[in-house]
Amino acid sequence: MKFFVDTADVEAIAELNDLGMVDGVTTNPSLILKSGRDIIEVTKEICSIVSGPVSAEVVALKAEDMIAEGRKLAEIAPNIAVKVPLTWDGLKTCKVLSGEGKMVNVTLCFSANQALLAAKAGATFISPFIGRLDDINLDGLELISDIREIYDNYGFETQILAASIRTANHVTQCALIGADVMTAPPAVIKAMASHVLTDKGLDQFMKDWAKTGQKII
Ligand code: E4P
């Protein structure tokens with residue numbers, strides 16, 4: 001499973017990238033707001049750090065305007081994936097931009113039918129939002145399973161990009177289901193390294209080591 005990092009925080013991206021944890025990046029208007037930076041400037045900087053797909057989202061609502069914004073965003077770097085919302089106009093934009101050879105990430109997906117439409121419109125990535133479904137007492141992981149089954153039934157090549165991941169357990173479950181990619185905030189990726197028994201075991205080793213009175217260096 002590929003790891004995308006869901007942030008526009010350049011320092012956090014660089015730190016994870018140095019560890020080989022970053023296959024790509026996803027941003028959205030809220031994350032750009034959080035960064036406090038200009039969308040073109042920060043996206044360009046992210047693309048200079050990460051060689052994999054970097055999603056940059058359009059903000060227009062009509063297809064004609066979305067297409068123009070998507071073309072402008074795609075000029076930032078060759079690894080830009082234009083992110084469009086799963087609306088009828090977003091699907092039209094997806095069809096046009098993917099026809100021009102651009103990567104397109106169709107976002108804000110909350111149903112299997114939406115994912116089916118995105119695949120037929122030529123999406124490179126479909127982004128089902130797990131956490132936001134869980135927030136309203138629906139099953140986000142079940143949606144990932146359904147899309148996996150449907151895409152496999154018909155050999156769709158659109159990659160399932162599990163998004164709105166809130167916990168390390170979401171990552172495990174997405175990997176078991178067979179999501180192609182997951183995108184998570186840096187804190188969730190770091191939380192994947194934690195285990196209470198690791199902490200307990202290390203604590204015991206440190207206590208015993210101190211009793212030996214030895215040093216390695
Ligand atoms: C994905 O591309 C989105 O930017 C993101 O995963 C949304 O996550 P949230 O629901 O935690 O805001």
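Predicted model: local features only at pLDDT ≥ 70, side-chain atom pairs only at ≥ 80, totals over all residues.
An oxygen atom of the ligand lies 2.8 Å from an N or O atom in the side chain of Asp 6. For Ser 164, the corresponding separation between a ligand oxygen and a side-chain N or O atom is 2.6 Å, while for the side chain of Arg 166 a ligand oxygen is found at 3.1 Å from an N or O atom.

The ligand is located in the largest pocket, and the residues around the ligand comprise Asp 6, Thr 26, Asn 28, Lys 83, Phe 129, Arg 132, Ala 163, Ser 164, Arg 166 and Thr 183. Sorted by class, this shell contains 4 charged and 4 polar residues, together with 2 nonpolar residues. Asp 6, Ser 164 and Arg 166, whose side chains were described above, belong to the set of residues around the ligand.

The cysteines were examined separately. A disulfide is a covalent bond between the sulfur atoms of two cysteines, and a search of the whole structure returns 0 of them. In the case of Cys 109, the closest cysteine sulfur is that of Cys 94, and because the two sulfur atoms are 12 Å apart, the separation is too far for a bond. Cys 174 likewise takes part in no disulfide, the nearest cysteine sulfur being that of Cys 109, at a distance of 13 Å.

Conventions:
Residues numbered from 1 in each chain as written. Heavy atoms only, no water. Near = heavy atom within 4 Å. Polar contact = N/O pair within 3.5 Å; in protein donor to acceptor, adjacent residues only side chain to side chain. 1 Å grid on protein atoms, 1.4 Å probe; cavity = no way out; pocket = protein on both sides within 12 Å on 5 of 7 lines; lining within 4 Å. Sits in = over half its atoms within 2 Å of the grid points. Nonpolar A, V, L, I, M, F, W, Y, C, P; charged D, E, K, R; others polar. Disulfide = S-S within 2.5 Å.
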